[in-house]
Amino acid sequence: MKDWMGKIRTLSLFSFLVIILSACGKDNLTALVPKGYGAEQSFNVIIISILVMIVVFVVVMAIYVYVILKYRQRKGQEDQIPKQTEGNKTLEVVWTVIPILLLIIIAVPTIASTYDLADESEKEDSINVNVTGLQFWWNFEYPNEEIQTSQELYIPVNERIYLNMMSSDVIHSFWVPSITGKMDVSPENENTMYIEAYEEGVYWGKCTEFCGDSHSLMDFKIVAVSQEEYDQWVDAMQSTDPEYTAESATAQEGQELFENSCISCHAIDASSNHPVVGPNLADFANRTKVAGINDFSKEEIVRWIVDPAEVKPGNGMLDAPYLEENTIGQAEAEKIADFLLELKATDEPVDSVQQFRENEANDN
């Protein structure tokens, strides 16, 4: 009796946790609230698969209960053997054909969606972005617009955007669950997919292929904006100045430190001519996150500069000479942060980013 009571308590606790935890998570980081064409296709296949599994479960359980009740052992029948169905061709055909039909029901929409999402017929007339995966961040280059940025991919809503993806090191995997499905990012060949967002907003992206120490921290964002905001953003990024001079005195000191220690890897203008070494920092002050994962603040910028290993173990910045030579401490990092906070392509972030920052502040 005590064993049964313990099991009941465990089951009750588990059920309670399921109900509570089902409300956890982010609205823009779930495949169950599709806000893009690819995610909608995936969601439809998920629903079809679940319905098929529910039907199978209900039928199997009904047969199971029926057999238990009808053929249970009764008093005086201990030695009785129920009628056997071995060799019944009708039953064998039924339980062979039904699974095949169920698989076809799932396979047809799955294959249709797979081919649909691989369609490249509109590629030449659409926005193209070259996506590069690196340990542990993402670079986005717009070849037709001749600009590039990192960690945040800007797209207009209700437009098909083609992503041409490769890795510069190991295999990564690109996934924005609210907008589209997954695609492997390989160092050996280019994989292409297209995305389309239905609503303006900031959507979380993840790397879903284990790629090193900070794999779980390899986040990025897709910023979906109106066509007007997108055009304004492109114009602003095309106008970023590689010869920008900081305004405040501390930022000017920070700029000098930046040029002595950081400029060999990081660019401050969005030109696509820069080699992909470290993240492009054009429009850095209008980002949603620091290092893709931390709240956007001066304190987090300083923490990243002083000790990037604490934030993202194993990342490429650990080879920076200033860390080996210990030439930048807290005071110097604060000055560099002041300089970075002046790097704005536009005076204010787009509406989606502003709303995202407010939501993140409220959640914290």
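I began with the sheet: five strands form an open, mixed sheet in the order β4-β10-β9-β6-β7. I took helices (H or I, at least four residues) and strands (E, at least two) as DSSP runs numbered from the N terminus, and strands as paired if DSSP finds at least two bridges between them. β4 (152–156) and β7 (182–185) are the edges, each with a single partner strand, so one side of each has no neighbour in the sheet. On average, neighbouring strands are turned by 25° against each other, direction ignored.

A word on the source: this is a predicted model, in which local features need pLDDT of at least 70, side-chain atom pairs count only at pLDDT 80 or more, and totals for chains, interfaces and linings use all residues. Residues are numbered from 1 along each chain as its sequence is written, and side-chain values use heavy atoms, leaving out hydrogens and water.

Next I looked up β9 (residues 201–207) and β10 (residues 220–225), which pair antiparallel over five bridges. There I found Gly205 opposite Phe220 in β10.

Then I turned to the backbone. Most residues other than glycine have a negative phi, and most peptide bonds are trans. The bond from Gln135 to Phe136 is cis, with omega near 0°, and Phe136 sits in the loop between β1 (127–134) and β2 (137–142).

Last, I checked Asn326: its phi is positive, about 55°, although it is not a glycine. I placed Asn326 in the loop between α8 (321–325) and α9 (330–340).

Definitions and conventions
Axes are lines fitted to C-alpha atoms, for helices over the stretch in contact, and angles run from 0 to 180 degrees between N-to-C directions.
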